[in-house]
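This briefing goes through one protein model, topic by topic. Please keep the sequence and the structure in view while reading.

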Amino acid sequence: MDPIRDLAHDEGVAAEAAPRLLHRPGVAFKAMTATGRGSPVNHAQVEQGRHAREEFERTSEFAPVIRHFERTADPA
């Protein structure tokens with residue numbers, strides 16, 4: 001693992017290499033099921049979803065309708 005870490009020490013190189021590596025099904029499976037240290041891949045996926053939701057809330061004309069639906073559909 002150290003040779004790969006050494007090659008991808010630069011953030012730009014690592015950011016370019018990671019998606020290419022994750023196209024390999026075995027690599028993607030292992031990354032998504034990693035345990036320990038809060039699973040950075042899973043954390044990044046959750047953060048990406050949060051950012052997408054915030055962008056939708058800021059820019060979509062449908063956001064108020066969705067918020068209303070969510071409030072009325074929630075039994076609590």
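Glu54 is partly exposed, because its relative accessible area of 33% lies between the 20% limit for buried and the 50% limit for exposed. Its side chain meets that of Arg50 in a salt bridge, with 2.6 Å from N to O. The model is a predicted one.

**The Glu54 and Arg50 pair**

- Both Glu54 and Arg50 belong to helix H4, which covers residues 40–59.
- Four residues, or about one turn of the helix, lie between Glu54 and Arg50.
- Arg50 has a relative accessible area of 36% and is therefore partly exposed.
- Side chains of opposite charge can pair when their charged atoms come close.

- A salt bridge links Arg53 with Glu70, and their closest N and O atoms are 2.9 Å apart.
- Arg53 sits in helix H4 and Glu70 in helix H5 (residues 63–73), so this pair ties together parts that are 17 residues apart in sequence.
- Arg53 is partly exposed, at 37% relative accessible area.
- Glu70 is also partly exposed, with a value of 35%.
- Arg67 is a residue of helix H5, and its relative accessibility of 31% makes it partly exposed.
- Arg67 and Glu57 are ten residues apart along the chain, and 9.0 Å separates their C-alpha atoms.

**The Arg20 and Glu16 pair**

- Arg20 and Glu16 form a salt bridge in which the closest N and O atoms are 3.2 Å apart.
- The two residues are separated by about one helical turn, because they are four residues apart in helix H2.
- Is Arg20 buried or exposed? With a relative accessibility of 58%, Arg20 counts as exposed, because the cut-off for that class is over 50%.
- Glu16 counts as partly exposed, at 47% relative accessibility.

**Charges in total**

- How many salt bridges does the count come to? The count comes to seven salt bridges, with a side-chain nitrogen of Lys or Arg required within 4 Å of a carboxyl oxygen of Asp or Glu.
- The protein carries 10 positive and 12 negative side chains.
- The centres of the positive and negative sets lie 4 Å apart.

**Nonpolar surface**

- Which residues form a nonpolar patch on the surface? Leu21, Leu22 and Val27 form this patch, and together they have about 200 Å² of accessible area.
- Leu21 has its place in helix H2, which spans residues 11–22.
- Leu21 has a relative accessible area of 37% and is therefore partly exposed.
- Phe56, in helix H4, counts as partly exposed at 29% relative accessibility.
- Between Phe56 and Leu22 there are 34 residues in sequence and 27 Å in space, taken from C-alpha to C-alpha.

**Overall form**

- The protein has five helices and zero strands, and its elements run α-α-α-α-α from the N terminus on.
- The radius of gyration is 18 Å, whereas a compact globule of 76 residues would have a value near 11 Å.
- Along the principal axes, the C-alpha atoms fill a box of roughly 55 × 25 × 20 Å.
- Buried residues make up 5% of the 76 residues of the protein.
- The protein exposes about 6800 Å², and carbon and sulfur atoms supply 62% of that area.

**Points to take along**

- Within helix H4, Glu54 and Arg50 are salt-bridge partners.
- Within helix H2, Arg20 and Glu16 form a salt bridge.
- The bridge from Arg53 to Glu70 runs between helix H4 and helix H5.

Note on methods
Residues numbered from 1 in each chain as written. Predicted model: local features only at pLDDT ≥ 70, side-chain atom pairs only at ≥ 80, totals over all residues. Heavy atoms only, no water. Rg over C-alpha atoms; globule rule 2.2 N^0.38 Å. Buried < 20%, exposed > 50% of the residue type's maximum accessible area, 1.4 Å probe, protein only. Areas by Shrake-Rupley, 256 points an atom, 1.4 Å probe, with all protein chains shown as cover. Lys, Arg positive; Asp, Glu negative; His and termini not counted. Charge placed at Lys NZ, Arg CZ, Asp CG, Glu CD. Patch = residues over 30% accessible without salt bridge, like charges linked within 9 Å, V, L, I, M, F, W, Y side chains within 5 Å.
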